[in-house]
Amino acid sequence: MKIIFFGLGSIGRRYIRLIKDNFNHELYAYRHKKNSKKNNLGIKELFDLKEINKIKPDVAFITNPTYKHMGFAVFCAGRGISLFIEKPLSNSKKGINHLLNIARKNNISAYIAYCLRFHPTIIWLKKHLEKNKPLHLTVNASSYLPNWRKNINHLKHYSAFKSKGGGVILELSHEIDYMCYLLGSIKNFKVNAKKMGNVTVDSEDFADVLLEFKRGVYCNLHLNFFSNLQRREIVADFKDHTVVGDLLANSITVIKDDKKRVIKFESNRDDVLVSQLAYFFGNYGKGRMMNGLEEAARVFDVIIGVRKAAN
C-alpha cells in the first residue's frame with residue numbers, strides 16, 4: 001500500500017525504518033518546506049498538499065507534534081485516507097467529533113498508536129487480570145525529559161509547552177491508556193499536578209492521579225519527567241499474591257508466600273513497535289480495530305479530563 005508520513009521526528013523516522021525493514025509498502029513524506037533538513041531515509045518527498053491527491057495514499061501516518069494531529073487527520077480522512085495516529089490523539093477535544101463523523105462517513109480504518117499494549121509485560125498482565133481481580137494497583141512512570149531526544153533542546157521542543165500538547169500527562173498518557181486496556185472504564189479520578197522543576201517552559205512535569213475503575217479497583221498513578229531514576233513499573237496486589245510488572249526490564253515478578261518467581265521476556269522497543277505495525281497492517285480494511293477512533297476518544301476523554309483537573 002501507499003503510505004504518507006506527516007512528521008519526520010524521532011518516532012516518524014523510526015516507523016519508516018521499521019516499515020522498510022519488515023514490510024513492503026511504498027512510502028512518502030509530506031514536508032512543509034523545501035529547505036527542510038534532508039530526510040536521508042530514501043523515501044519520496046512531497047511539498048504541496050495537492051500532490052497527495054495525485055498519489056492517492058492508502059494510509060497516513062500522523063507522527064508530527066501533538067497539536068498538529070487533528071488538522072492533518074481531518075484532511076486525510078476527508079480524502080478517504082486511513083489513519084495511523086501516534087499517541088496521544090490530540091492536545092484537546094476540539095475537532096475529535098468532526099473527525100469521528102468523517103471517518104464513519106468514508107468508512108476508513110483508524111488506529112491510535114499506544115504501542116505499550118503490545119509490550120510483553122502488558123500482554124501477560126492482560127491475561128492475568130482477566131482471571132484475577134486485584135485489590136489495588138500502583139503505577140510509576142518516571143524519567144528525565146532532557147535525555148529523551150538526542151541533540152534537541154528540550155526547552156524548545158513541544159513537550160515543554162502546554163499549548164502544543166506538552167506536559168507529562170499527555171506525553172506519558174501511555175499509562176492511562178494501558179490501565180484502561182487492562183481494567184476497563186474509569187469511573188472517577190482525582191489529580192494533583194504542577195510544574196515543579198526546570199525541564200519544561202510552562203507545562204506540568206509531574207502528576208499524581210488516583211483512578212477509580214468501574215469494576216471497583218483503585219490505582220495510584222505517578223508520572224514525572226524530572227527524575228534521574230528511570231522507572232516504568234506496575235505493582236498489582238491480589239488477595240494471595242503480588243505481581244510486579246517492569247516494562248523497562250521486560251519482566252514479571254510474582255510474589256507469594258515470601259517466594260518470588262521471575263519471568264523474563266526477550267523484547268526491545270523495536271520489537272514492540274513492529275508488533276504494533278503488524279497488527280495495524282494485518283487488520284487494515286477489515287472493520288473495527290482495537291484502539292480505533294471511538295475507543296481512543298473515550299480514553300482521551302479521561303486523559304484530557306485529568307489534564308484539565310490539574311490546572
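Visitor: How should I read the pairing of strand β7 (residues 136–144) with β10: in which sense do they run, and over how many bridges?

Guide: Two strands count as paired if DSSP finds at least two bridges between them, the strands (E, at least two residues) and helices (H or I, at least four) being DSSP runs numbered from the N terminus. Here β7 and β10 pair in the parallel sense over 7 bridges, and within this pairing Leu 137 stands opposite Cys 219 of β10. The model is a predicted one, in which local features need pLDDT of at least 70 and side-chain atom pairs count only at pLDDT 80 or more, whereas totals for chains, interfaces and linings use all residues. Residues are numbered from 1 along each chain as its sequence is written, and side-chain values use heavy atoms, with hydrogens and water left out.

Visitor: What is the strand order of the open sheet of 8 strands, and which strands form its edges?

Guide: The order is β8-β9-β10-β7-β11-β12-β13-β14, with mixed pairing; β8 and β14 (259–264) are the edge strands, each pairing on one side only. From one strand to the next the twist averages 15 degrees, where axes are lines fitted to C-alpha atoms (for helices over the stretch in contact) and angles run from 0 to 180 degrees between N-to-C directions. Helix α9 (residues 293–309) packs on this sheet, touching β8 and β9 (contact means heavy atoms within 4.5 Å), and the direction of α9 makes about 40 degrees with that of β8.

Visitor: How is strand β9 (residues 206–213) joined to its neighbours, and how many of its 8 residues are buried?

Guide: In general, the side chains of a regular strand alternate between the two faces of the sheet. On one side of β9, 8 bridges join it to strand β8 (residues 186–194) in an antiparallel arrangement, with Ala 207 as the bridge partner of Ala 193. With strand β10 (residues 218–224), β9 pairs in the antiparallel sense over 7 bridges, and there Ala 207 has Leu 223 as its bridge partner. The hairpin of β9 and β10 has 4 residues between the strands, and Gly 216 takes a positive phi near 85 degrees. As for cover, 6 of the 8 residues of β9 are buried, that is, under 20% relative accessible area, with exposed meaning over 50% and partly exposed in between (1.4 Å probe, protein chains only).

Visitor: How do helix α5 (residues 120–131) and helix α7 (residues 174–183) pack?

Guide: Two packed helices are described by the angle and the distance between their axes. For α5 and α7 the angle is about 35 degrees, with the axes 9 Å apart. Ile 122, Leu 125, Lys 126 and Leu 129 of α5 meet Tyr 178, Tyr 181, Leu 182 and Leu 183 of α7. Moreover, 10 of the 10 residues of α7 are buried, so this helix is largely enclosed by the rest of the structure. Just after α7, Gly 184 takes a positive phi of about 90 degrees.

Visitor: Where does the charged end of Lys 126 sit?

Guide: The charged end of Lys 126 sits over the ring of Tyr 181, 4.4 Å from its centre; the rule asks for NZ of Lys or CZ of Arg within 6 Å of the ring centre and within 35 degrees of the ring normal. Arg 149 lies over the face of Tyr 158, at 5.9 Å from the ring centre.
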